[in-house]
Amino acid sequence: MTRRAVWESIVLAGVLLVQGCVAPQPSQDLLAPTEAQMKIRSVQTRAFDVKDRQLAMRGVIAALQDLGFIIERANEPLGLVTAARFAEPNFYDVLGVTVTVRPQAEGRMLIRANAIYNNKPIEDPKVYQNFFATLERSLFIAKE
Amino acid sequence: MRRALLAGACLVLSSQLAGCITHTQPEELFQLTAESPRNKAMQTRFFETKDETELLSASAAVLQDLGFQVEESVQDVGFLRATKERSAREYGQDIGRFFAFFLSLGKFIMPVDLHQRIAAMLIARPINPEATRQEVRIMFYRVVWKGDGQADRQHIPPGQQKMEMLRDPVMYQQFFAKLSKAVFLEAFTL
Amino acid sequence: MLHNHRHMSRRLSTISRSGGLLLVAGLCLLLQGCPTPYELRHQAQWDSREQIWLSEESQVKLRVAQSRVFDTTDRRRTLEAAVDTMQDLGFMVEVLDEQLGMVSGKKFEPLERPSIGTDPYYHLYDDQSLLIFTKSYHTWGPFWHRSDLVRLTITVRKRNDTQLVVRASAQYYLRAVEDPAPYQKFFRTLEQALFLQGQLVE
């Protein structure tokens, strides 16, 4: 009886081993936003009183450059700016950010920033607060 | 018996080394070969339309239909690149690896193809000064990476790569048939 | 005595059966050249060039699951909603073209991340390079990261004078995502961003 149990457990172990060797399947929620991401959406978005979209985008690009980001792409008609940088002095960590600028009302722009650290979205509100503080300075320094 | 095994191992190993004999000179690489016009004809079609944008947009949709992901698009030059990454593991290579392992008495684990990246690169441009005729040229190619292996005590690191231009004419015919249907225009060959 | 014999033979038969099963399983693995678990996670086929072309049936099935029709002609607004949705999902947008009507982005799922310790090359991975040009013929480190790539492409095209077709296609672990469920959730998020109802393509 014990011998049979030993054999069965070996076979089971073998089956389980093979299981780990199957390509991972996409989950149902692959293309659905997570709870954490929905919660953070309000923190990622802020409205600014800027005359037009181009001015706002220039301000965003300037703020990102001040922060040491490399601008990867900028699309004016759709208000998108993508940038990335190393988390210096550590060159193993990469930080990427996607910023969209949308007109909310006349002379008012809605700016949303999405930060990704080492391929994981950042959920800490403080990070976004810091970014918007820098952005505000960059946007209104032009006025002065 | 041992001699036979050794001969078998040598045969298997030499078949692996057979790939790295000739080196092409740089000058040759910049010259057109006899196949160049045939390849170009296979990869090119003409469309009687002014709308280059619509051609590019339809091409992106056709490529999406075939499972490709758009990677880069530069509209000013009518450039579009789409790729898809798939597994490149083949049963034949696995079996070959087993025999190499067996014949080399456990000393040689051959790296096998694991990962491939199939890319489609498309250029659309006007062919006459009035821009009423557009030329669409697409190239399919793939890059294949091997896994790791072992040769006696030496570990062979993974990532050995090779590139292959895909020259199956049926593939190109099918792509242009789909594109033709998507833009409601007829595709002309030269 | 006879009872013992029968009991013995039954035990032996069960042992030999499960042993035989194990032997067959072991032989299968051996005949495939003793593949590592990483290799087994890659789908095998007789000719790897089969992957270039999808079969007609799977194309049609996929097209239905991946497409939705929207009662609007505002391509810009639809694209903006698509970018919003991509941001919600944590994708890095790579391609955005209003005239061609397409958005494409990527992200990495930590599927092959080493469970013990860290691989410093893991995050330095540059998947943009088509051919990795290195002085040494073999590349190292980032190789294990390639399968983690998740890619999403969204195209917005005119269907007729009053409607647009939005098609989303995703790639996950070296395979096209063919399950309609993730796409349903995606379009639900997109609809919310657009305040419109998406209809299935006939």
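A crossing is left-handed if the near helix is turned anticlockwise from the far one by less than a right angle, and right-handed if clockwise. The crossing of α4(C) and α5(C) is right-handed. This is a predicted model, in which local features need pLDDT of at least 70, side-chain atom pairs count only at pLDDT 80 or more, and totals for chains, interfaces and linings use all residues. Residues are numbered from 1 along each chain as its sequence is written, while chains are lettered from A and ligands numbered from 1 in the order in which they are written.

**Helix pair in chain C**
- Helix α4 (residues 75-88) of chain C packs against helix α5 (residues 180-194) of chain C at an angle of about 125 degrees, with the axes 9 Å apart; helices are DSSP runs of H or I, at least four residues, and strands of E, at least two, numbered from the N terminus.
- α4(C) is therefore oblique to α5(C) (under 35 degrees is roughly parallel, over 145 roughly antiparallel, 65 to 115 roughly perpendicular, the rest oblique; angles run from 0 to 180 degrees between N-to-C directions, and axes are lines fitted to C-alpha atoms, for helices over the stretch in contact).
- Residues in contact (C-beta atoms, placed from the backbone, within 7 Å) include Thr78(C) and Ala81(C) of α4(C) and Phe186(C) and Leu190(C) of α5(C).

**Helix α5 of chain B**
- Helix α5 (residues 91-103) of chain B has 13 residues and reaches 18 Å from first to last C-alpha.
- Just after α5(B), Leu105(B) has a positive phi of about 60 degrees.

**Contact of chains C and A**
- Chain C contributes 43 residues and chain A 39 residues.
- α1(C) gives the most to the side of chain C that touches chain A, with 8 residues.

Note on methods
Contact = placed C-beta atoms within 7 Å. Expected span 1.5 Å × (residues − 1).
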